[in-house]
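The exercises below are meant for a reader who is meeting this structure for the first time. Each one sets a task and is followed by a solution that goes step by step.

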Amino acid sequence: MNNFNCLSLTTSIQQFNSGSNSFYGTMKCNTADDYPYENELLRLLSPVFSHENRKSSQTRTIKHGFSNNTGVEIEYFTKFDLLFDNAQNTNKLKVSECFNKQIVISKALLKIEQIKSLENNWNNNGASKFSEKLIERSISILNTLPFEPDVFPTARDSIQFEYEKASGEYLEFEIFETWINVFMINADESEDEYKLSSNENIKLKNLVEGFYCEVS
Amino acid sequence: MKLVDIDEELFRRVGQNPDMWSKDDSGPTSALFKDSKGVSVNQRKNRIEDDVISFEEELHSKYTGSGMKALVSVGNEVCTEKELHVIEDTLEDNDYHALILRSNEKIDLTSGQAKHLAKKCRIVKKYY
């Protein structure tokens, strides 16, 4: 069974222009790589733009399976026609054009969702299932990071984020429920390892930015 | 607690799910060597490589439902470089079993020790 065949989606309509029958906004969702994003977009927006609740600003959230709203971002600018539905006595949206679509799929988030689905003894050596708190903590950290890490589970109740350069420089966050272990291999092959408390997301963000910052 | 011979080669299986392999296909993640019960490995004990591979494949199919991603090995001398302790831990159905530990007092490897093993390990066989 594909654990990722589910959807969490948030749409935020930022601009609505009734004169040109167009709108602009962003949509965020978690979904499988091959999910039919566009069909989902149309399905979600139709009720938002029905006659009785059409407004200049609307937010609509639909969740199935995932609890977070990151993973895939789609920017859109769409033209549409409003058609009168005789049966229901309301206007319905018919999208006639859709463009400026950008899709960024978070492989790291999908990996965390995969880790979330692991059961007890997932490594055949008695490793525990991952707690909801650790999963949420990891997603929270992921959301603050400027670059996507590689994500792996460990058999000691932690989730590991990794960054590595071809030069051998390496940055690792091992995330536990209540603390984070930071490990680095520097350009001169020296190593640093220390602990941070669980609420120091900004420090982690700065470490990643520093890791990829070119020093002249 | 009997220590494993310094010139022993230690084998560790890498499963397919979850994926514990690096993105650039260079080898396993160091997370593979982070286990609160110690890192479970099997010693070569003078066996030829084909026999080791057959043994590991048999064990894997016995205990797991998914396939193997790879079989990797690391020399005990590599463990010693980072002051790791490798102890004999024979099981009912496995005389070759051993555990890699942080020291003679602690089990969990440090991140530096785990990364060292991940970098130095040899890929014996890939299954993909």
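**Exercise 1. Describe the fold of chain B in this predicted model, beginning with the order of its elements.**

Solution. Reading from the N terminus, the elements of chain B follow the order β-β-α-β-α-β-β-α-β, which comes to 3 helices and 6 strands. The next step is to ask how compact the chain is: its radius of gyration is 14 Å, close to the 14 Å that the globule rule gives for 128 residues, so chain B is as compact as a globular protein of that length. The C-alpha trace of chain B spans about 35 × 35 × 25 Å along its principal axes.

Among the contacts in chain B with a separation of 6 or more, 74% are between residues 24 or more positions apart. Of the 128 residues in chain B, 52% are buried, and the accessible surface of the chain comes to about 6300 Å², with 45% of this belonging to carbon and sulfur atoms.

**Exercise 2. Characterise the largest pocket by its volume, its lining and the elements that contribute to the lining.**

Solution. Begin with the volume, which is about 800 Å³ for the largest pocket. Its lining consists of 36 residues, and the closest to the centre are N123(A), N124(A), N125(A), R12(B) and R13(B). Turning to the elements, those that give two or more residues to this lining are strand 1 (9-15), strand 2 (39-43), helix 1 (49-63) and strand 5 (97-101) of chain B. The largest share, 5 residues, comes from strand 1 of chain B. Finally, sorting the lining of the largest pocket by residue type gives 13 nonpolar, 15 polar and 8 charged residues.

**Exercise 3. Carry out the corresponding analysis for the second largest pocket.**

Solution. The second largest pocket holds about 530 Å³ of space. It is lined by 29 residues, and those that lie nearest its centre are E164(A), K165(A), D24(B), S26(B) and K115(B). At least two lining residues are supplied by each of strand 7 (150-153) and strand 8 (159-164) of chain A and helix 3 (111-120) of chain B. By type, the lining of the second largest pocket divides into 10 nonpolar, 8 polar and 11 charged residues.

**Exercise 4. Examine the backbone at N124(A), D25(B) and P18(B), and say where each residue lies.**

Solution. The position of D25(B) is in the loop between strand 1 and strand 2 of chain B, where it counts as partly exposed at 32% relative accessibility. P18(B) also lies in the loop between strand 1 and strand 2 of chain B, and the peptide bond that leads from N17(B) to P18(B) is cis, with omega near 5°.

**Exercise 5. How many residues of helix 2 of chain A are buried, and which are they?**

Solution. The buried residues are A108(A), L109(A), L110(A), K111(A), I112(A), E113(A), Q114(A) and I115(A).

Notes. Residues numbered from 1 in each chain as written. Chains lettered and ligands numbered in written order. Predicted model: local features only at pLDDT ≥ 70, side-chain atom pairs only at ≥ 80, totals over all residues. Heavy atoms only, no water. 1 Å grid on protein atoms, 1.4 Å probe; cavity = no way out; pocket = protein on both sides within 12 Å on 5 of 7 lines; lining within 4 Å. Points joined across faces, edges and corners; volume = space filled by probe spheres on them. Helix = DSSP H or I, 4+ residues; strand = E, 2+ residues; numbered from the N terminus. Nonpolar A, V, L, I, M, F, W, Y, C, P; charged D, E, K, R; others polar. Rg over C-alpha atoms; globule rule 2.2 N^0.38 Å. Buried < 20%, exposed > 50% of the residue type's maximum accessible area, 1.4 Å probe, protein only. Contact = heavy atoms within 4.5 Å. Areas by Shrake-Rupley, 256 points an atom, 1.4 Å probe, with all protein chains shown as cover.
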